[in-house]
Amino acid sequence: MRNVLDIQKQLLPDLMDILKKRYTILHQIMLSDVIGRRTLATSLDMTERVLRAETDLLKAQGLIEIENIGMRISDAGRKLLEDLEPIVNELFGLSNLEEKIRQHYGLRKVVIVPGDCETSPLVKRELGRAGAKALLGAMCGNDVVAVTGGTTLAEVADQLNPSQGVTMKQSWFVPARGGLGESLEIQANTIASGMAKRVGAGYRLLHVPDLLGKEAYESLVHDPNIQDIVNMIRQARIVVHGIGDAMEMARRRKLEQAVVEEIRNEGALAESFGYYFNQDGVVVHKMLTLGLRLEDIRKTETVIGIAGGKKKARAIHAVLRFGHEDILVTDEAAAEEIVSRLK
């Protein structure tokens, strides 16, 4: 495949540019569900005249449908995008980035989507779609899946669409930890229940705060109902989690300033599962909370980390150095920054 693409790049460079352009247009339409020509032209930094010529061709090929409310992708267009994915990864140089990161950190699989999710909500949606695909590929139909909260995992839940007729009635989704007290839509409980409903699975919820005082922890840890769900969480075969910047997560948790300074002085760069990691992947601070523990992560069969954006590169690196990730789903901006630091 790579040799053929290299030959085409040399002999037909214009053809490769056209392929990239038309793929990008079709891909953006798919991510947008329905989008107007003017909005699409602005997002692609393209004139409406040039875009009209391209979309007319895509319509003639049966790849998109144009209606009064805007353009949407057709089933044929969606199938073409799926078939083109490995070729496009080569064209954009993503396959090379994936392999470099996979080998350096000893991962089972790395998936990189084009763009930077910090600057484009459509890239974040694509990150969610890729994360959903990775999760479905890891499930066997009789799993306990533990998921964390956050905007990226909420996007994964929205994009979780199993194959037609496929249900996972024997699987369970559970929150990896308690709630942060943020918007309901991005809490782990909401995400776990949403994912379960999309694939026809069951779910259990953990109705406790993520950050607990010592007395509250001691009280809850001996509650039979809490013990039951916590035991189920700790038996998860698959864990799907986001990766946060350490200082940002400390702020979101409303930690005392003295604790924030302690975390900063310890060199914390990343937060995940309620643990704070330095650049070497060493845990420098942990929260008193119910849910997944490090020993549970270490024995989990498949751990899927999903995070993107150039600013997240150091945090992603820190969690990967922890050494217990199996699958990483990220975006081009974060991947390029990670690889540049490896050099």
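This is a predicted model: local features need pLDDT of at least 70, side-chain atom pairs count only at pLDDT 80 or more; totals for chains, interfaces and linings use all residues.

**Entry 1: the four-stranded sheet**

I looked up helix α15 with that in hand. This helix, residues 313-322, lies across β8, β9 and β10 (275-277), and runs at about 60° to β9. The strands below belong to an open sheet of four, ordered β8-β9-β10-β11, with antiparallel pairing. I checked the edges next: β8 (244-245) and β11 (283-286) each have a single partner strand, so one side of each is left without a neighbour in the sheet. For β8 that partner is β9 (residues 270-272), joined to β8 by two bridges and running antiparallel. Going down to residues, I found G244 opposite E271 in β9.

**Entry 2: the seven-stranded sheet**

In which order do the seven strands of the open parallel sheet run? I read β3-β13-β12-β7-β4-β5-β6. The edges here are β3 (109-113) and β6 (202-203), each of which pairs on one side only. Helix α16 (residues 332-342) packs on this sheet and touches β3 and β13 (327-331), its direction making about 110° with that of β13. I then followed β7 (residues 238-242), which pairs with β12 in the parallel sense over five bridges. In that pairing I238 stands opposite T302 of β12, so T302 got its own entry, as it is buried.

**Entry 3: T302**

T302 sits in strand β12, residues 302-306. Buried or exposed, I asked of T302? Its relative accessible area is 2%, and buried means under 20%, so T302 is buried. Leaving out residues up to four places away in sequence, I listed what T302 touches: R108, A138, R237, I238, V239, D326 and I327. With R108 there is a polar contact between the side chains, at 3.3 Å.

**Entry 4: salt bridges**

How many salt bridges does the model hold? The count comes to 20, and I looked at three of them.

R237, already on the T302 contact list, meets D143 through their side chains at 2.4 Å, N to O. D143 is in the loop between α7 and β4 (144-147), while R237 is in the loop between α11 (224-233) and β7, 94 residues apart. I checked burial for both: D143 counts as buried at 1% relative accessibility, and R237 counts as buried at 17%.

The K133 and E85 side chains form a salt bridge at 3.4 Å, N to O. K133 lies in helix α7 (residues 121-138) and E85 in helix α5 (residues 75-91), so this pair ties together parts that are 48 residues apart in sequence. K133 is exposed, with a relative accessible area of 51%, whereas E85 is partly exposed at 21%.

E295 is partly exposed, at 42% relative accessible area, and R293 counts as partly exposed at 28%.

Methods. Residues are numbered from 1 along each chain as its sequence is written. Side-chain values use heavy atoms; hydrogens and water are left out. Buried means under 20% relative accessible area, exposed over 50%, partly exposed in between (1.4 Å probe, protein chains only). A polar contact is a pair of N or O atoms within 3.5 Å; within protein, one must be able to donate a hydrogen and the other to accept it, and residues adjacent in sequence count only if both atoms are side-chain atoms. Contact means heavy atoms within 4.5 Å. Two strands pair if DSSP finds at least two bridges between them. Axes are lines fitted to C-alpha atoms, for helices over the stretch in contact, and angles run from 0 to 180 degrees between N-to-C directions. A salt bridge is a side-chain nitrogen of Lys or Arg within 4 Å of a carboxyl oxygen of Asp or Glu.
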